[in-house]
Amino acid sequence: MSKQAKTLTTTELRRVLDYTATRKHSARNRALLMTTHLSGMRVGEVASLRNSDVLDGEGNIRNEIRLSAEQTKGNEARVVFVNDKLRKELELYTRLFDKAAINPAVKFFYSQKRSSDGFTANTLTQFFHYLYKRAGVDGASSHSGRRTFITNLASKGVGVRVLMSLAGHKNISTTQAYIDVNDDMKRKAVELV
């Protein structure tokens, strides 16, 4: 495996959120960032989301985002569970929407280019690269949110099989490679003895 994306600390994530708050499209950008950090979705999966994937008929955030096989890297459909924190982040973003005029087929995360159908996986990857760089977080990439999500759950004792399922991995060794072991995790582990 090549060099892995950086796992963000709470302080680094806060730095990126603070930077995001000062920029144009801050609500959308915060929602994009937090979607990767709170769901563990891949950047291509986030870019593929349509309004109908995230919103129900009344414009409310769904409890589960059902990704079709075409939306996933592994070409297998999977469910992404929306926790309370992610729900709040997405609700803040959808305040920008005219709920009466939501087109279910339109991309959930708009792009500032008027003629575009939202982000592609490539343009969203570039977006994250520049967001982290401008916020001063070296080594972070579009995969950092996913890696941080998996590492944070592992540090809280979530089993690797559950992590594998949440990440949509086919092999447990892939999930294990995502987990960034740090000193805090080791301190907590030795205290269990």
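User: Which residues in α5 are buried?
Analyst: In α5, the buried residues are Leu-86, Arg-87, Glu-89, Leu-90, Tyr-93 and Thr-94, where buried means under 20% relative accessible area, exposed over 50% and partly exposed in between, with a 1.4 Å probe and protein chains only. Helices (H or I, at least four residues) and strands (E, at least two) are DSSP runs numbered from the N terminus. Please keep in mind that this is a predicted model, in which local features need pLDDT of at least 70 and side-chain atom pairs count only at pLDDT 80 or more, while totals for chains, interfaces and linings use all residues. Residues are numbered from 1 along each chain as its sequence is written, and side-chain values use heavy atoms, with hydrogens and water left out.

User: How do those buried ones sit around α5?
Analyst: Looking down the axis of α5, its buried residues fall within an arc of 165 degrees, so they line one face of the helix; the arc is taken from the directions from the helix axis to the C-beta atoms. On the other side of α5, Asp-84, Lys-85 and Lys-88 are exposed.

User: And what do the buried residues of α5 pack against?
Analyst: They pack against α2 and α4 (51-54), with contact meaning heavy atoms within 4.5 Å.

User: New topic: how many residues are in the largest nonpolar core?
Analyst: That core has 36 residues, and Phe-108, Phe-109, Leu-124 and Phe-128 have the most contacts inside it. A nonpolar core is a set of buried Ala, Val, Leu, Ile, Met, Phe, Trp, Tyr and Cys residues joined through side-chain atoms within 4.5 Å. The elements that give two or more residues to this core are α1 (10-21), α2 (26-39), α3 (43-48), β1 (64-67), α5 (84-94) and α6 (121-135), and α6 gives the most, with 6 residues.

User: What does Leu-124 touch, leaving aside its neighbours within four places in sequence?
Analyst: With those neighbours set aside, Leu-124 is in contact with Leu-32, Val-43, Val-46, Ala-47 and Phe-119. Apart from this core lies another one, of 8 residues, among them Ile-150, Leu-163, Ala-167 and Met-185.

User: Okay, now Ile-65: is it buried or exposed?
Analyst: Ile-65 is buried, with a relative accessible area of 1%, and its place is in strand β1. Leaving aside neighbours within four places in sequence, Ile-65 is in contact with Met-41, Leu-49, Asp-53, Val-54, Arg-78, Val-79, Val-80 and Val-82.
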